[in-house]
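Please look at the sequence and the model first.

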Amino acid sequence: MASLAIVNYQNTNKMNLEDNAKRDGFSSKFGILCAAAGSAIGLGNIWRFPYVVGDNGGGAFLLVYLGFILLLGIPVMMSEFVIGRRGQKNAYGSFKKLSKGKFWPWIGIMGILAAFTILAFYSTIAGWTLEYVYLALTNSFKGLGSEEIGAIFETFHTSDFMPLLWQVVFMIMTAWIIIAGVKKGIEKYTKILMPFLFLLLLIILIRSLTLPDASKGLEFLFKPDFSKLTTKSFLEALGQAFFSLSIGMGTLITYGSYVDKKNNLGRISFEVSVADTLIAIMAGIAIFPAVFSFGMNPAEGPGLIFNVLPNIFQQMTGGYIFALMFFVLLTIAALTSSISILEVVVAYMVEELNLPRRRSTIIAALAATIVGVFCTLSFGALKNVEIFNKTIFDSLDFTASNILLPLGGLFIVVFTGWFLGLKNVKDELTNGGIIKVRLFIVFVFIIRFIAPVAIVIVFLNSIGVI
Ligand code: PHE
């Protein structure tokens with residue numbers, strides 16, 4: 001029985017191989033891990049996580065966030081990998097191949113749209129990061145107090161030219177890697193750089209912890225005060241969890257399609273989620289003690305890390321070199337995420353619209369940059385333009401992270417749990433019966449019932465229906 005299953009699995013394998021004779025893919029397990037973790041770990045952990053925690057009052061929010069990662073994040077991630085590796089195509093193509101009827105491919109299209117939106121505002125912040133590389137390089141924070149450091153950020157991010165220039169530079173870097181492809185582009189870079197980022201964050205965290213009054217920051221981050229939780233915080237936590245894990249829009253369907261049939265999808269999902277969460281919490285421990293030590297406001301919004309971190313570097317021996325290394329690595333972390341976002345769009349254009357890779361990349365990157373310009377200017381010249389009471393930047397971020405990603409995640413688990421066929425799901429997770437998957441029943445129960453219900457409740461709750 002088991003051996004029959006293995007033969008079957010290997011047959012689908014062979015068919016897929018023939019199908020995809022020229023298909024690019026990852027070459028090693030470590031390569032996949034770095035690419036997937038590279039996608040997950042990015043500005044979402046170091047820039048977005050601390051400020052969203054700050055805006056939502058700290059510890060209690062963190063608990064809700066962790067609950068969502070465990071209960072919804074990991075199962076959604078596994079489902080995406082399953083769909084991608086089974087389908088051997090981009091987000092749209094995989095749904096199309098694995099489903100009947102016209103509905104499901106639209107979930108792929110929704111993901112591609114989300115990717116596009118996220119790339120637009122992501123490149124704004126990545127551009128800021130590049131400016132900070134430049135400022136660090138030219139030792140521009142030397143001898144400045146926290147107010148002056150704040151003023152630098154204020155002047156820079158509201159101006160009309162430099163942020164746009166950096167945004168364009170960042171998009172060119174992203175497109176460059178994507179044109180190079182999976183093995184020679186995505187895998188090659190992420191493999192070297194991710195471990196380095198971890199180390200540096202650790203050093204910064206230690207310095208932050210040894211600042212005066214550091215314990216207040218830790219208390220803010222870890223001591224739950226449930227009175228600070230609102231219904232809005234649940235949606236924010238859900239959006240942050242999905243954004244940070246890169247799930248809900250087909251990034252991991254796309255990457256899953258490049259994963260070799262011998263790799264253990266459950267284990268990869270678990271490891272990536274743990275690494276991502278660890279980095280986010282480390283970023284929190286690096287930021288909040290400093291926030292309180294310098295008497296700053298944790299609910300400062302998107303500028304939080306740019307206002308806080310230079311102050312920490314000032315207090316460090318060798319601050320110059322640490323600041324420089326940090327912003328370089330943050331740029332790289334952003335890059336290993338932005339390429340995974342762009343790849344969603346490019347894989348679709350190459351496989352479904354039959355466009356050459358290079359041309360697809362240029363078109364997609366250009367289009368995202370154009371939308372991105374509006375995001376960047378929404379901190380300056382377009383500050384007063386509002387969509388549903390939010391700036392352009394905030395409304396794109398909100399729509400993509402808090403609406404499109406959770407909605408995508410909902411459909412992804414429903415598809416995997418109810419439409420893909422549990423036999424196929426098990427086949428994919430066990431590599432055709434070769435490896436054991438513990439807790440398969442629990443996984444199925446979550447993707448069939450718990451995850452869909454939880455996502456729907458958080459949604460209805462946040463729009464005030466329940
Ligand atoms: N997870 C990435 C980060 O934390 C951002 C991202 C979102 C990447 C969605 C891919 C898909 O920075």
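Helix α17 (residues 392-419) packs against α19 at an angle of about 160 degrees, and their axes are 9 Å apart. That angle makes α17 roughly antiparallel to α19, the term for angles over 145 degrees. The model is predicted: local features need pLDDT of at least 70, side-chain atom pairs count only at pLDDT 80 or more, and totals for chains, interfaces and linings use all residues. Residues are numbered from 1 along each chain as its sequence is written, and side-chain values use heavy atoms, with hydrogens and water left out.

**Helix packing**

- Two packed helices are described by the angle between their axes and the distance between the axes.
- Axes here are lines fitted to C-alpha atoms, for helices over the stretch in contact, and angles run from 0 to 180 degrees between N-to-C directions.
- α17 passes α19 in a left-handed crossing, meaning that the near helix is turned anticlockwise from the far one by less than a right angle.
- Residues of α17 in the contact (heavy atoms within 4.5 Å) include Pro406, Leu410, Val414 and Trp418.
- On the α19 side, the contact residues include Arg448, Pro452, Ile455 and Phe459.
- Helices are DSSP runs (H or I, at least four residues), numbered from the N terminus.

**Aromatic pairs**

- The count comes to 33 aromatic pairs, where rings of Phe, Tyr and Trp (its six-membered ring) pair if their centres lie within 6.5 Å; planes under 30 degrees apart count as stacked, over 60 as edge-to-face and the rest as tilted.
- Phe103 and Trp104 form an edge-to-face pair, 5.0 Å centre to centre with 80 degrees between the planes.
- Phe103 is partly exposed at 42% relative accessibility, whereas Trp104 is buried at 7%; buried means under 20% relative accessible area, exposed over 50% and partly exposed in between (1.4 Å probe, protein chains only).
- Phe440 and Phe443 form a tilted pair, 6.3 Å centre to centre with 40 degrees between the planes.
- These two residues, Phe440 and Phe443, are 3 residues apart in helix α19 (residues 440-462), so about one helical turn separates them.
- Both Phe440 and Phe443 are buried.

**Charges over rings**

- Arg448 lies over the face of Trp418, at 4.2 Å from the ring centre; the rule asks for NZ of Lys or CZ of Arg within 6 Å of the ring centre and within 35 degrees of the ring normal.
- Arg48 lies over the face of Phe243, at 5.0 Å from the ring centre.

**Pro50**

- Pro50 is found in helix α3 (residues 43-55) and is buried, at 0% relative accessibility.
- Pro50 and Ile287 are 237 residues apart in sequence and 7.1 Å apart in space, C-alpha to C-alpha.
- Leaving aside neighbours within four places in sequence, Pro50 is in contact with residues including Ile287, Phe288 and Leu304.

Definitions and conventions:
Parallel < 35°, antiparallel > 145°, perpendicular 65-115°, else oblique.
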